[in-house]
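Work through the exercises below with the sequence and the model at hand, and try each task before reading its solution.

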Amino acid sequence: MNPDDVSPAHDRDLLADHTARLLATTARLDDVSAPSLCDGWSRGHVLAHLARNAEAIERLAGWAVTGERQDMYPGGTASRDAEIEAGAGRGPAEQLADLTRTARSLEPALEALDGPLAAERVEMRGGYEVAAVRLPFLRLREVVFHHVDLDAGFSFDDVQPELLRGFVGDAVDRLAVGRTPPDVTLVADEGDSWQVGAGTTTVRGSLGGLVLWLSRRIDTGVTSPEGTVPGLPRGA
């Protein structure tokens, strides 16, 4: 993504909107033990992850502002996974309270990114470095994608087209730098197009359908004139 396209303030506005939508959906849930779209995870796992991710992004924002390094997830992946598992079995009211508390705590931490930064880049889980000003977008992506994962009436078709374009562009950027980038051309019904590699195979669909395929490997909203929709490398 071009640094000139990064607008933390705009991303925060979108994040506030989508956090409110997520909380409204969570408040309506009476069963958080139902399966989610994430393999092996219930809705409770998704909600616990979102709360812990808010704390993780807050730690990274603190690192950017103070210059004092903080791990995204202290204790590494094993500790992160254990915390999610421990929180997954809570009832709807507890999940909502945790999600609300952590989302509110994150807000001022992300606002502080508008000021001078002691660290321009921070390290995500797995050692992946990102520009600190992208943290609002990365949290926004988590909130939107996992809201869809709850499988509770909210879909990518409910997301602003401008944001869906950003998600497709972000996925294309990550596919292009992967070890085995696919040769695909993505064509949205809305008129947008993107190319990865040689662009040999065309995949068509709505912006929402493209994001669902790119993010969750669910191809119900896309088609390929060449026949079968190609597979995507994991982790892209």
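**Exercise 1: a histidine in a helix**

His-18 is buried, with a relative accessible area of 1%. Task: in this predicted model, find out which residues His-18 is in contact with, leaving aside its neighbours within four places in sequence.

Solution. Begin with the place of the residue: His-18 is found in helix 1, which covers residues 8-28. Its relative accessible area of 1% has to be held against the cut-off, and because buried means under 20%, His-18 falls in that class. Then list the partners beyond four places in sequence, which are Leu-140, Val-143, Val-144, Phe-154, Val-159, Gln-160 and Leu-163.

**Exercise 2: a valine in helix 5**

Task: decide whether Val-148 is buried or exposed, and state which residues it contacts beyond its neighbours within four places in sequence.

Solution. Val-148 lies in helix 5, and its relative accessibility of 5% makes it count as buried. Apart from those neighbours, Val-148 is in contact with Leu-37, Phe-154, Ser-155 and Phe-156.

**Exercise 3: positive phi angles**

Task: determine where Asp-151 and Arg-217 lie, and give the phi of each.

Solution. Recall that most residues other than glycine have a negative phi. Asp-151, although not a glycine, has a positive phi of about 55°; this residue lies in the loop between helix 5 (135-149) and helix 6 (161-176), and is partly exposed at 46% relative accessible area. Arg-217, likewise not a glycine, has a positive phi of about 60°; its loop runs between helix 7 (207-216) and strand 6 (222-223), and its relative accessibility of 31% counts as partly exposed.

Key
Residues are numbered from 1 along each chain as its sequence is written. This is a predicted model: local features need pLDDT of at least 70, side-chain atom pairs count only at pLDDT 80 or more; totals for chains, interfaces and linings use all residues. Side-chain values use heavy atoms; hydrogens and water are left out. Helices (H or I, at least four residues) and strands (E, at least two) are DSSP runs, numbered from the N terminus. Buried means under 20% relative accessible area, exposed over 50%, partly exposed in between (1.4 Å probe, protein chains only). Contact means heavy atoms within 4.5 Å.
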